Structures are given as structure tokens and as C-alpha cells.
Amino acid sequence: MIIYQQFTLDNGLRVLVHEDHTTAMACVNILYKVGSRDESPDKTGFAHLFEHLMFGGSINIPSYDKPLQEVGGENNAYTSTDITNYYLTLPSVNIETAFWLESDRMLSLAFNEQSLEVQRNVVCEEFKQRYLNQPYGDVWLKLRPLTYKVHPYRWAPIGKELKHIEDATMSDVKAFFKKYYIPNNAIMVVTGDVEMDVIKSLAQKWFSPIPAGEEIVRNIPSEPVQLESRREEVVADVPVDSLYIAFHGPEKLHADYPVMDIISDILSRGSSSRLYRKLVKDNPMFSEISAYVMGTFDDNLFVIEGKPSDGVSISQAESLIWEELSILVEQNVPVDELQKIKNKMESILVFSELSIQDKASNLAFYEALGDAQLYNLEVEKYHAVTVDDIRRVAQNIFIKENSSTLVYKAKDNKNVG
């Protein structure tokens, strides 16, 4: 459990504080509630582009990294479909430097053609290297539009296509910043060797002068229920064949989300998991196989991916996966197997509370979902999952009509099917 205090500034900035005096460090995490799901279908990749632009300097501070490094700090950021998260750690005695840096780029990010051009080129190169020129790199550029037809999850955070970033104009970028990078769309979490009163006064000093932006009204379309199976096969320059089967599942706050998450662990967490034990270790039909959930705010995906062993056809591989899924649908999971997974899950959640950085990002994420206190209820929710829940949710998810299958066939592979 993470104990924290909370307050909100007049401009709408929510601030959460977790005091941990066992360390001499502090972490400042600022989450902006903007991800790729907030983008226009014809202007994608902007949230990810801003992850880079925000390090390009602000009007009063030309270099973000230099003053932070001078006080012993380090920083990073990431973008997802739902959020953009910036975090930095530094000695707690220098905490005000973090407030100075973060408030200035929220108030007055430096917009100039040179910075935009530099970061646009960086993102374009990342797009090419990680998604276009790497084996299986374009999986999510293909699997997302196969599984989603209406919801903006149909494109990846990197963007739908390279051209959207290449064509990004200064006016596009300024409009995106003005709409989303505002106090009332941000959550600030401070953890570590800090005191609530000090953080409150620093937040007032550095962030309260920043004006609130216009209230954001989101009209994100719901993904319709999938009523027929979908399939795409591509022949690509990849080392071996690869198979991806995706199913729609409940959103992150749904009561059945922990059940779905546990199912993925039953299938794929560790060397004793079902898919690994049966299809890699005991009967090596796959060289590797995994199952996972995306953990998105809205309509989730449950994904199984694997690389069939040499001589195993794609059709054989698919049949073997469906056999394992049918066992979950038709038979109850043994109580001891379920308890083992719950114990592992609890240890993972407890481990995620060890660092001040993890605590900060977890509190920010759950506050963005609706309430940071939800994080403290996670273990309880997972422990409440029953054998009947597992079977019921498996029956709801693992339906042919709810599946989207993407197949990569290696150009020189002699496997049939």
C-alpha cells in the first residue's frame, strides 16, 4: 500500500505526495492525460512527438537536461495509447530545480522551427528503425487496424504512418500543446524524501501562476463488438514464421480485467505456465510463445504470440493454441494453480512499490484512471478472483468471432500451411 496525501491547485493541477524518508532522493512525475487515442486520424503520432519536443527547452530554460544534471538528476519519459508520462529523480535537497524545470515547460515550451525539425527527424528515424526496418517491427502497425475498426487504438503511439509526422506543421504542434499540456489535464506526483508542506508551497510558487486551459471534452468512439474472425497473412523478410492472435477484452477498470490478467499469467508467466510447459518445454512445437494483455484504459486486447518450431506449420501452431484455450473454456483451473498465480501477482505488485519512481508512476497512472486509491486495492481485486470467474471470462473472450489473427511468413520458409 502506498500512503499519500493530495491537493488540487486552483488551475486544476492535481498533486499527490508520498513521503518516504528512507531515501535521500526524490522523484517528480508529471503525467499528461494525452496519448495516441486523443489524436485525429489524419494527424497521428503527435503525443509521441511531444514526448521528444518537451525536452527541447522552454522559453526561459534553453536546455532541460543541463541544469538537471548539474544537481545530480536524471529524467525520462514514455508515451502510450492513453497517457504521456515524464519523470525525473534527483537528490531531495535539490527538489526545487525539478519544479522550476517542469513548470517552465508547461507554461512556455519553446516553439521554433529548428527544434521541431530536429525532433521530427528523430521521431521519423525511430519510426524507420524500430517499426519499418526491423524484423516483425511493423506488427502493431498491422495488428492494431486489424483488431480495431472504430476506436483510435487502431493506430500505434508512434503514429499511423510516417507522413503524419513529416507533415506536422508548427500550427498543428502549437494547437496540440495548447489543448493538452495544461495544468487541468496533468497529474503531478512527488515521492521520496519530501514533506507535504514544502511540496504544497513549491507547487503554489511554480505552478499556480500557469493558467488553466479549456476543459477537454473527449468523444472517443467505442469499439463495436467483433462478430466475425479476421485474418491477415504477410510474407516478409523475417527469420522465421510468427503468429499473433488477438482477442478483445474488458477495459482496465472493468471488474473482469483482473480475471483476464490472471488468465494471461496462467498461460504464460514463467517456466511452469501452460503454454511454455506444454508447447516449448515438454513438446517443443514453438521456439517461443507468450500471452499478455495490453492494459489500456478502454477496450483491451488479449494477445498470444508465438514462433512455431522448424517443421511446424502455421495451421498446426494455431490448432495447438486453440486447444489450450479450449481447456480453459471447458475445464476449471485447479485451485492450487490459481493460488500460485495470485501469489506471483501479489509479489509483483509489492515489488513495484520498492522504488520511489515506480510509486510515483503507479499513483499517477491510477489517478489518471480516476482515483489513485485504486492502486491500493489491486491486490485485493486479484485475490478475489475465483475458479468460476476464470472459466466465465475465458468463455467470453476466447471465441473465434472475437479473434484477429496476423501471420508472418518468412520468405524462405519451407513450412506448409
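The following legends describe close-up views of a predicted model.

**View 1. The open six-stranded sheet.** Six strands form an open sheet with mixed pairing, in the order β1-β2-β6-β3-β5-β4. Strands β1 (5–8) and β4 (74–79) stand at the edges with a single partner strand each, so one side of each has no neighbour in the sheet. On average, and with direction ignored, neighbouring strands are turned by 15 degrees against each other.

View 2. Strand β3 (residues 25–32) and strand β5 (residues 84–91) run antiparallel and are joined by eight bridges. Within this pair, C27 has T89 of β5 as its bridge partner. Helix α8 (residues 196–207) packs on the sheet, where it touches β1, β2 (14–19), β3 and β6 (186–192). The direction of α8 makes about 20 degrees with that of β1.

View 3. V15 lies in strand β2. Its relative accessibility is 0%, so V15 counts as buried; the cut-off for that class is under 20%. Apart from neighbours within four places in sequence, the residues in contact with V15 are Q5, Q6, F7, M188, I199 and A203. M294 is 279 residues from V15 along the chain, and the C-alpha atoms of V15 and M294 are separated by 27 Å.

**View 4. Packing of α9 on α16.** Two packed helices are described by the angle between their axes and the distance between the axes. For helix α9 (residues 257–268) and helix α16 (residues 387–397), the angle is about 90 degrees and the axes are 9 Å apart. This makes α9 roughly perpendicular to α16, because angles of 65 to 115 degrees fall in that class. From α9, V259, M260, I262, I263 and I266 meet D389, I390, V393, A394 and I397 of α16. By class, this contact of α9 with α16 holds nine nonpolar residues, one charged residue and no polar residues.

**View 5. Crossing of α11 and α16.** Helix α11 (residues 314–330) and α16 cross at roughly 130 degrees, and their axes come within 7 Å. At that angle α11 is oblique to α16. The crossing in which α11 passes α16 is left-handed. L328, V329 and E330 of α11 make the contact with I390, R391, A394 and Q395 of α16. Sorted by class, the contact of α11 with α16 has four nonpolar, one polar and two charged residues. I390 and A394 of α16 take part here and also in the contact with α9.

Terms used: Residues are numbered from 1 along each chain as its sequence is written. This is a predicted model: local features need pLDDT of at least 70, side-chain atom pairs count only at pLDDT 80 or more; totals for chains, interfaces and linings use all residues. Side-chain values use heavy atoms; hydrogens and water are left out. Two strands pair if DSSP finds at least two bridges between them. Helices (H or I, at least four residues) and strands (E, at least two) are DSSP runs, numbered from the N terminus. Axes are lines fitted to C-alpha atoms, for helices over the stretch in contact, and angles run from 0 to 180 degrees between N-to-C directions. Contact means heavy atoms within 4.5 Å. Angles under 35 degrees count as roughly parallel, over 145 as roughly antiparallel, 65 to 115 as roughly perpendicular and the rest as oblique. Ala, Val, Leu, Ile, Met, Phe, Trp, Tyr, Cys and Pro count as nonpolar, Asp, Glu, Lys and Arg as charged, and the others, Gly among them, as polar. A crossing is left-handed if the near helix is turned anticlockwise from the far one by less than a right angle, and right-handed if clockwise. Buried means under 20% relative accessible area, exposed over 50%, partly exposed in between (1.4 Å probe, protein chains only).
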